[in-house]
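Student: I have a new structure to look at. Could you walk me through it?
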Amino acid sequence: GHEITYNDKQQAFITLASSGKSCCLIGAAGTGKTTAMKGTTQALIQSPRTGILQNHDHKHLPHGVPGIVVCAYTRRATNNIRRNMDESMKGNCITIHKLLEYGPEYFQIIDENGNEKTSMRFQPSRNSMNPLPREITTLIFEESSMIGTSLYNEIIDALQHDVQIIFLGDIQQLPPVFGPAVLGFKLSELPTIELTEVYRQALESPIIRLAHRILSGKPISPAELSEWNVPNLTIKPWKKKIEAEAALSVSEKLFDNLYEKGAYDPENDIILIPFNKSYGTIEINKS
């Protein structure tokens, strides 16, 4: 019910994207990427260049809606996008694997004992022989920093017509699970606009405020800790430098205690750590 006012960079991106050109929009959390994307989709819907998805055989895309598809790598990111779309676009928000109609493929292998057995792998059913609907005129990729080049190439293989492609992301975000991120390559190829203004409402979130403090490179001093420990955010700094094996033992006890209190749920919570070995993902997963 409130009119949205875009800042200069958001408006510049909406103008660029609604012209039909492929482009990139980057920015840290809280800089208004989602708001700019909503404005862009509204402008594209009104554009005569945008087709209508109809008479197609895609399993997951609706009929009679704008030919704009918004994708992300994870289901959670896709659900977040869907919540920010109006009704006419909610069905157009799907994961990349749904876009490519990934499904099980069964094949025969010979095991180490020389016996034939059936194995299974997931493969995209959309490819150059079974391309994506031609009514798709714009593809928007959210969280592009998480999209690997190999997966992106599968999408390109399944596109047998010209499509506007828009990449949204944060270059400080997590990299893809497999291979290099396509976003890094597209930033050097396509017109790019970076949003830098952080909105006050975003900084009211302690998580976003902490993310921007980390980006600043300025450590949080012990004297500041009481200001940062608020509901939904607890910072527990190491009291002294310790060896990896001891750190692993401390962390194991910490997460055991949090699990017992119901504060840590392995089904929904993720432990992020910048190392693999020693005090890292491999050993913590074993713990």
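This is a predicted model: local features need pLDDT of at least 70, side-chain atom pairs count only at pLDDT 80 or more; totals for chains, interfaces and linings use all residues.

Student: What share of the residues is buried?
Tutor: Of the 287 residues, 36% count as buried. Buried means under 20% relative accessible area, exposed means over 50%, and partly exposed lies in between, with a 1.4 Å probe and protein chains only.

Student: Turning to helix 1, which residues are buried there?
Tutor: In helix 1 (residues 8-18), the buried residues are Gln10, Phe13, Ile14, Leu16, Ala17 and Ser18. Their cover includes strand 1, helix 2, strand 9 (164-169) and strand 10 (192-195).

Student: What caps the N-terminal end of helix 1?
Tutor: Asn7 does, with a side-chain oxygen 3.1 Å from the backbone nitrogen of Lys9. A polar contact is a pair of N or O atoms within 3.5 Å; within protein, one must be able to donate a hydrogen and the other to accept it, and residues adjacent in sequence count only if both atoms are side-chain atoms.

Student: And strand 10, which residues are on its covered face?
Tutor: Ile193 and Leu195 form the covered face, whereas Thr192 and Glu194 form the uncovered one.

Student: In what sense does strand 10 pair with strand 1?
Tutor: The two strands pair in the parallel sense over 4 bridges; pairing requires that DSSP finds at least two bridges between them. Leu195 in strand 10 is the bridge partner of Gly27.

Student: Where is Thr31?
Tutor: Thr31 is in the loop between strand 1 (23-27) and helix 2 (33-45). Thr31 counts as buried because its relative accessible area is 2%.

Student: What does Thr31 touch?
Tutor: Leaving out residues up to four places away in sequence, Thr31 touches Gln10, Leu195, Thr196, Glu197, Val198 and Tyr199, where contact means heavy atoms within 4.5 Å. The side chain of Thr31 also reaches the backbone oxygen of Ala28 at 2.6 Å.

Terms used: Residues are numbered from 1 along each chain as its sequence is written. Side-chain values use heavy atoms; hydrogens and water are left out.
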